[in-house]
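Okay, thanks everyone, let's get going.

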Amino acid sequence: MKKLMLIIARECRMRLRRPAFWVLTLLVPVVLAVLYVLPVIAAQRASEPSKVLVVDQTGLFDGGLLSTSEVVFEAMPSLDYAKNHADEGDLILYIPLRETTIPRDAFLLYDGGVPPLALQSAVDAQLQTLLRNAILEDVYQLEPSVYHSVESTHISLHTQESASGRESFSNVKTVVAIVLAVLMVLALVVFGVQVVRSVQEERQNRVAEVIATAVKPVSLLIGKIAGVALTAIVQLLLWVALTAVAIAGVQAANPTLFAQARAQQEVQSLATKGTAATVQYETPVALVDQTVQGLAAIRLPLVAGMFLLYFLMGYLLYGALLALLAARLDSDADPLQWSLLILSPLFVVLILSPLLLKAPAGALTSWLTVVPFTAPAAVLLRLPFGLPTWQVFLSISLILLLFAAFAILAARTYKRRLVA
């Protein structure tokens, strides 16, 4: 045991002393914080509204298109006149007159860059609203306000557990499940590659031959895997802590920035719905409340503990398998390509995630939860929805059994290659 601890300590020291370890540890939280802040800053960036020249041959939309902070409408007498008087960057909205009284097509003409999708959606929403209002008034002699009061009426369907009455918040949990599964796969890929490179490096510099004379090959491989695992846990915890500190620091430095961004998102949501959006003003707030309540309903300590547990289980399993691979690979082989091939079962879970999330307790999902090679990603995918305790224990037991088998096989292979 003393020799095993020495090997683990040696592996940890080797990685903690490398400048690349600390550069990545400090750089990744900064990058994540920047990625978090950039969309907010981009939303606050002032921009000139787009100018749209309207050529309406039907007469149904005269004076009805309302200018917003994103788009300014200006009526034009004809299409040729609009083209002759359009400045660089101006758009032309052309609504031709057809044989039918109800127009079927409208054309947004541009010269140069394609107009943004948000602008196209804003124009389309206003056209749909105005056309619907015209049909209600002219054909059905119905006040649009009456129709909109009926159209905006909705009933909220709450999915609750019968015994406790707790909400399911399936939409929020689905997003959280996908994020957890993706993070698990990325973490196993990153630190699995380190195992392959560690074995290859020691085979090249012949240090392993000296260590193998005093330590059993199994202890050598387990110590190497455990050393990288401890380093990985330290780096993961530092990433989480430093990212939280970086984001909190940005929010504290400019607290109004994020409040303005939330208000801007509500305004944009209203603008894309046209003139009928005022009756749905409460919708963005309801969505925010639902998201916050859904996140609060997830037991974060349990999620964090299960993530750490299955990261260790997945790392031990794939670490031993990758160590076996590294013991047989040539020194010039690319560790990343082979690692991705070995870790491919985890990518299968990500590819199947839309199907699995439709039935988190289904037969296929349950099998993937128990199979050792897919369990780390499948468990995280099911975790927000809950999963049976017996499946957790069974998957962990199978992972540990396979880890022991792969570790022994890797050690024997490692020993033969050293002797050779």
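Predicted model: local features only at pLDDT ≥ 70, side-chain atom pairs only at ≥ 80, totals over all residues.

Let's start with the sheet. What we have is 4 strands in an open sheet, ordered β2-β1-β3-β4, with mixed pairing. The edges are β2, at 71–75, and β4, at 107–109, and each of those pairs on one side only. Going from one strand to the next, the twist averages 25°.

Now look at β1 and β3. Residues 50–56 make up β1 and residues 91–95 make up β3, and these two run in the parallel sense, paired over 5 bridges.

Okay, on to the nonpolar cores. Which residues touch the most other members of the largest one? That would be Tyr310, Phe311 and Tyr315, in a core of 53 residues. The helices that each put in at least two residues are α6 (170–205), α8 (217–253), α11 (300–328), α13 (344–358), α15 (375–382) and α16 (389–419). The largest share is from α11, with 13 residues. There's another core lying apart from that one, with 14 residues, including Val52, Leu65, Leu119 and Val123.

Let me zoom in on phenylalanine 311. If you skip its neighbours within four places in sequence, it's in contact with Met184, Ala187, Leu188, Phe191, Ala232, Ile233 and Leu236.

Is it buried or exposed? Serine 339 is buried, with a relative accessible area of 0%. Again leaving out neighbours within four places in sequence, serine 339 has contacts to Val193, Val196 and Leu322.

Last stop, a helix pair. Helix α14, residues 363–370, packs on α15 at an angle of about 130°, and the axes are 7 Å apart. So α14 counts as oblique to α15. As for handedness, α14 passes α15 in a left-handed crossing. On the α14 side the contact uses Thr365, Ser366, Leu368 and Thr369, and on the α15 side Ala375, Ala378, Val379 and Arg382.

That's my tour, so over to you for questions.

Notes
Residues numbered from 1 in each chain as written. Heavy atoms only, no water. Core = buried A, V, L, I, M, F, W, Y, C linked by side-chain atoms within 4.5 Å. Buried < 20%, exposed > 50% of the residue type's maximum accessible area, 1.4 Å probe, protein only. Contact = heavy atoms within 4.5 Å. Pairing = 2+ DSSP bridges. Axes fitted to C-alpha atoms, helices over the stretch in contact; angles between N-to-C directions. Parallel < 35°, antiparallel > 145°, perpendicular 65-115°, else oblique. Left-handed = near helix turned anticlockwise from the far one by under 90°.
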